[in-house]
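Subject: Structure handover

Hello,

Please find the structure below, with the sequence alongside. My notes on what was found in the structure follow it.

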Amino acid sequence: MAASPSSSSVAATTNIMLAIYEKKTSSIDLYRPLRNYISLTYSEREAFNLEDDLETVKQLRSDVERVPDPTPSTRRDLLQNYFKALCLIETRFPISPDKDHINTVTFLWFDAFKQKQKASQQNIHLEKAAVLFNLGAVYSQIGLSCDRTTVEGRRLASHSFIAAAGAFAYLRDNAATKASVGSSTTVDISVECAGMLERLMLAQAQECVFENTIAKGSTPGVCAKISRQVGLYYEEALGALNVAPLKDHFDKAWVTHVQLKAALFYAEACYRYSLELHEKEEIAEEIARLKSGISALTEAKKSPKGAAAQLLDAISKLEANLHRNLDRAVKENDRVYLMRVPSPSSLPPLPAFSMVKPMAMNEVLDASKEKMFASLVPDSSAKALSRYTEMVDDVIRTQAEKLQQGSELTRVRLKEMDLPDSILALEGNMTLPADLKEEVEAVQISGGPAALEAELQQLRDLRRVNQELLVQTEELLQKEATEDAQFRSQFGTRWTRPQSSTLTKNLQDRLNRFAGNLKQAAESDARIERSVRDHSALMPILDRRPIESALPTLARPIMSLDATEDAIVGALKQSLRQLETLGAQRAGLEDMLKEMKRKDDILPKLMTSAGSYEDLFRKEISKYDHICEEIAQNIEAQEQLLMQIQAQNEKFSAIFNLEDYKASREKCYKQIQAAIAKYREIKENINEGLKFYVTLQDAITNIKQQCSDFVMTRNIQCREMIEDVQRQMAGLNFQDRKTSGSYDGSYPTVGQPHQTPRTSAPQQRDPQNSPQPHPQTPYYRPLEQPMVPGYGHPPPPYGNPQPLHPYQPAPAPGAPYPPPQAQQPLPPSHEYGQPAYPGWRGPYYNAHGQQPGSFPRPPYAASAPYTYPNQSSYYKQ
């Protein structure tokens with residue numbers, strides 16, 4: 001690994017980048033083994049003629065072994081030229097341990113990251129993989145040597161890192177697998193390592209782009225996207241470094257560097273994105289993004305071993321900027337916006353945009369235009385075999401296309417004549433189009449129109465249950481209010497507790513809203529029932545089983561003058577059977593062609609032939625002539641038969657009035673489609689209604705429980721207050737009360753248990769106000785109430801009007817109840833409400849749609865630190 005500091009005008013990115021050292025190798029002589037092979041396989045004259053090419057290969061290999069070069073660009077050109085030479089050698093010189101091959105050449109290369117490890121192989125794959133690795137390493141060194149203090153320098157550095165990524169990608173896709181076969185290999189040229197280095201080089205290339213983007217003064221949103229992509233590339237590289245086979249193979253400083261870079265650019269993206277959020281006054285998300293960035297930096301700084309000081313300094317500066325902006329945003333939110341800050345885990349991923357991709361190395365490393373060893377060609381027999389194979393492929397391709405065109409022509413012509421469907425219809429075997437039949441089957445599986453009445457009855461039953469629950473709840477409050485009024489009339493001014501109406505106003509408001517929702521839902525149910533009645537004549541067609549029985553039949557003519565109908569139908573059927581036979585013959589001919597090619601091996605004949613190859617080719621290719629003739633005859637017979645079928649079908653259509661039948665059949669198709677559409681609409685309406693009533697029932701049950709708790713508490717208070725008033729009227733003075741009496745006005749609201757503190761301290765009485773033994777203090781002191789299990793905090797008095805929740809807008813005209821605008825937890829004191837049908841999209845419940853795949857929590861499903869024992873699973877988070 002090579003590292004170099006790079007100063008930048010942007011403080012947040014003043015850090016170092018990485019370059020890779022080349023792999024090292026041992027000396028090897030390619031000249032003598034290659035020349036001997038040419039001399040033995042071809043001729044000594046050929047070997048003499050190729051002396052220059054052999055010397056070139058020898059010099060290229062010698063230069064590769066000698067790592068120091070004047071400039072990295074010279075080294076890059078050397079490696080590219082040598083790789084092209086290796087590609088040419090691979091196709092002409094077999095290097096392997098086989099005795100008939102070049103078996104005296106063994107390539108040896110050391111691991112670039114653990115130089116004590118080495119690999120040696122007697123094939124050219126290891127050599128090619130090592131050269132590709134070194135090419136990527138040289139490109140990374142060129143990128144590191146660029147002056148990143150200037151725009152042009154950063155652009156050149158980015159291009160070099162892109163080229164390095166391309167070299168490692170080419171290594172991964174074309175050479176790494178072959179070079180890793182066998183026991184002698186190294187990790188640095190494995191598929192995993194090549195992929196990791198590609199990601200690392202892309203990260204550094206994107207980082208250069210980011211530095212130029214900052215220098216140009218681009219918007220915070222653009223900078224955030226580019227910075228996030230830098231972080232993603234580093235994260236991908238880090239993921240590869242932390243798993244086998246790369247785990248523990250690299251120096252710890254490498255892993256630390258990549259880890260810190262990933263965290264740095266994620267935090268940088270959060271910082272830039274928060275600037276854009278601040279401009280849009282989206283303070284809540286700004287705060288969450290800033291916190292997320294700070295958290296990432298804090299986590300990364302826990303293991304900074306081996307990290308460069310410049311990188312740590314950049315992290316510290318960015319962290320200070322994040323803290324400064326966070327403090328500002330928090331103050332503004334507390335003073336002005338008062339927005340709820342979401343948790344960082346609930347935020348969507350930051351947007352990212354890649355400005356780089358690996359360079360395509362195919363053209364750079366293409367050896368097809370090289371002249372080296374051009375005079376060495378493969379065996380003449382092999383060349384002739386290749387040419388013959390091309391000739392056979394051309395014959396088979398041409399004939400296969402003719403067969404496919406014949407089959408396609410038959411299909412189109414028959415469809416135009418509505419055959420064989422019209423013949424099947426005459427026999428009573430009508431069929432629906434496949435897609436329409438699938439839709440009908442889906443409707444029938446779900447119950448069909450016949451089951452709609454039972455589902456409508458479910459709607460009625462659920463509505464009745466909700467209405468009964470609502471009436472029971474209202475009766476609870478009414479009974480308590482009546483009893484309170486009776487005692488107030490009986491005791492007069494001595495009955496000092498608050499009136500029921502002041503405490504139950506919030507409950508009454510919610511019950512009224514539920515009643516309004518039920519009323520509007522009933523109207524929606526009525527519209528559904530009316531829609532079912534209005535379309536009772538349309539939808540029953542879907543209950544026909546099989547559905548084909550609903551299709552019109554093709555009837556024979558009532559009167560016939562010459563009784564030729566049967567003869568015409570029989571002739572048409574016979575022609576169709578003949579056409580089917582021709583189709584089967586075409587399939588057999590195509591299979592015969594493929595089988596002949598598979599068995600056609602003329603290599604032995606080519607190797608022993610002393611005459612012209614062209615004569616042999618003409619003789620062998622003639623084996624396919626009889627099949628080609630059969631194909632031509634088949635196509636011609638099919639054309640004649642189609643003309644005959646067309647004439648027969650015209651007579652058939654005229655006698656059986658086929659046009660009228662087609663029109664009535666299309667009309668039936670449209671009727672079925674319309675019935676399906678209406679059924680689905682009604683079915684969706686009913687399903688939404690069922691969901692609505694179930695969730696509303698949970699809400700009413702919840703508020704009924706609160707009312708029951710409230711009434712029970714008031715009854716306890718009532719009994720104790722009656723005793724107290726009776727004692728007052730009897731002139732008794734109880735000295736065991738510490739406060740101003742049993743009742744200091746602190747009457748708990750719904751869900752708050754009654755508490756009657758007592759003391760033994762004597763109470764001073766005013767002789768002038770003896771009928772009033774207790775001082776008149778406020779009856780409700782919410783700040784002194786204890787925490788009540790089930791609510792998490794003392795609820796506010798029912799007498800105080802509660803403001804609407806910010807996520808609960810006013811009901812829209814025509815909608816039974818406004819849909820939830822955001823699924824957010826609400827405080828226990830929020831206003832209860834529920835849309836008629838959650839997520840309704842139809843014409844009956846004019847409400848907003850919701851995201852598919854999830855059922856929204858209704859707005860009354862407030863989260864609480866304690867779950868009521870009788871709370872249904874619908875409320876569970």
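I begin with a residue on the outside: Leu-338 counts as exposed, at 64% relative accessibility. Before going further, please note that this is a predicted model. Leu-338 sits in the loop between H11 and H12, and its phi is near 55°, a positive value in a residue other than glycine.

Backbone points

Glu-281 is another non-glycine residue with a positive phi, in this case of about 65°. Its place is the loop between H9 and helix H10 (283-300), where Glu-281 is partly exposed, with a relative accessible area of 49%. The peptide bond from Ala-244 to Pro-245 is cis, with omega near 5°. Pro-245 belongs to the loop between helix H8 (220-241) and helix H9 (252-279). As background, most residues other than glycine have a negative phi, and most peptide bonds are trans.

The loop between H11 and H12

Phe-353 is also worth a look. This residue is found in the loop between helix H11 (309-337) and H12. Phe-353 counts as partly exposed, because its relative accessibility is 47%, and the range for that class runs between 20% and 50%. Leaving aside neighbours within four places in sequence, Phe-353 is in contact with Gln-206, Lys-225, Ile-226 and Gln-229. Gln-206 is 147 residues away from Phe-353 along the chain, and the C-alpha atoms of the two are separated by 9.7 Å.

The chain as a whole

The chain has 22 helices and four strands. Of its 877 residues, 46% count as buried. Among contacts between residues at least 6 apart in sequence, 78% join residues at least 24 apart.

Nonpolar cores

In soluble globular proteins, nonpolar side chains tend to be buried together. Here the largest nonpolar core has 116 residues. Those with the most contacts inside this core are Ile-20, Phe-93, Phe-113, Phe-133, Leu-171, Leu-197 and Phe-373. Taking Leu-171 from that list, and not counting residues up to four places away in sequence, Leu-171 touches Ala-129, Leu-132, Phe-133, Ala-176 and Ala-194. A second, separate core has 63 residues, including Leu-507, Phe-514, Leu-641 and Ala-699.

Arg-75 is in helix H4 (residues 72-92). Arg-75 counts as buried because its relative accessible area is 2%, and the cut-off is under 20%. A polar atom of the Arg-75 side chain lies 2.9 Å from the backbone oxygen of Val-64.

Val-443 is in helix H14 (residues 434-445) and is buried, with a relative accessible area of 2%. Not counting residues up to four places away in sequence, Val-443 touches Gly-448, Pro-449, Leu-542, Ile-676 and Tyr-679. Asp-543 lies 100 residues from Val-443 along the chain, and their C-alpha atoms are separated by 8.8 Å.

Ser-500 is in helix H16 (residues 500-503). Ser-500 is buried too, with a relative accessible area of 3%. Apart from neighbours within four places in sequence, Ser-500 is in contact with Glu-480, Ala-481, Asp-484 and Arg-714.

The largest pocket

The largest pocket has a volume of about 350 Å³. Of the 18 residues that line this pocket, the closest to its centre are Lys-415, Asp-418, Leu-419, Pro-420 and Asp-421. Helix H12 (380-416), helix H13 (421-426) and helix H22 (658-729) are the elements that give two or more residues to the lining. H22 provides the largest share, four residues. By class, the lining has ten nonpolar, two polar and six charged residues.

If you open the model, these are places to start: the cis peptide bond from Ala-244 to Pro-245, the positive phi of Glu-281, the positive phi of Leu-338, and the pocket residues closest to the centre, among them Lys-415 and Asp-421.

Regards

Conventions:
Residues are numbered from 1 along each chain as its sequence is written. This is a predicted model: local features need pLDDT of at least 70, side-chain atom pairs count only at pLDDT 80 or more; totals for chains, interfaces and linings use all residues. Side-chain values use heavy atoms; hydrogens and water are left out. Buried means under 20% relative accessible area, exposed over 50%, partly exposed in between (1.4 Å probe, protein chains only). A polar contact is a pair of N or O atoms within 3.5 Å; within protein, one must be able to donate a hydrogen and the other to accept it, and residues adjacent in sequence count only if both atoms are side-chain atoms. On a 1 Å grid over the protein atoms alone, a cavity is a set of points where a 1.4 Å probe fits but cannot get out, and a pocket is an open set with protein on both sides within 12 Å along at least five of seven lines; lining residues have an atom within 4 Å of a point. Grid points are joined across faces, edges and corners, and a volume is the space filled by probe spheres set on the points. Ala, Val, Leu, Ile, Met, Phe, Trp, Tyr, Cys and Pro count as nonpolar, Asp, Glu, Lys and Arg as charged, and the others, Gly among them, as polar. A nonpolar core is a set of buried Ala, Val, Leu, Ile, Met, Phe, Trp, Tyr and Cys residues joined through side-chain atoms within 4.5 Å. Contact means heavy atoms within 4.5 Å.
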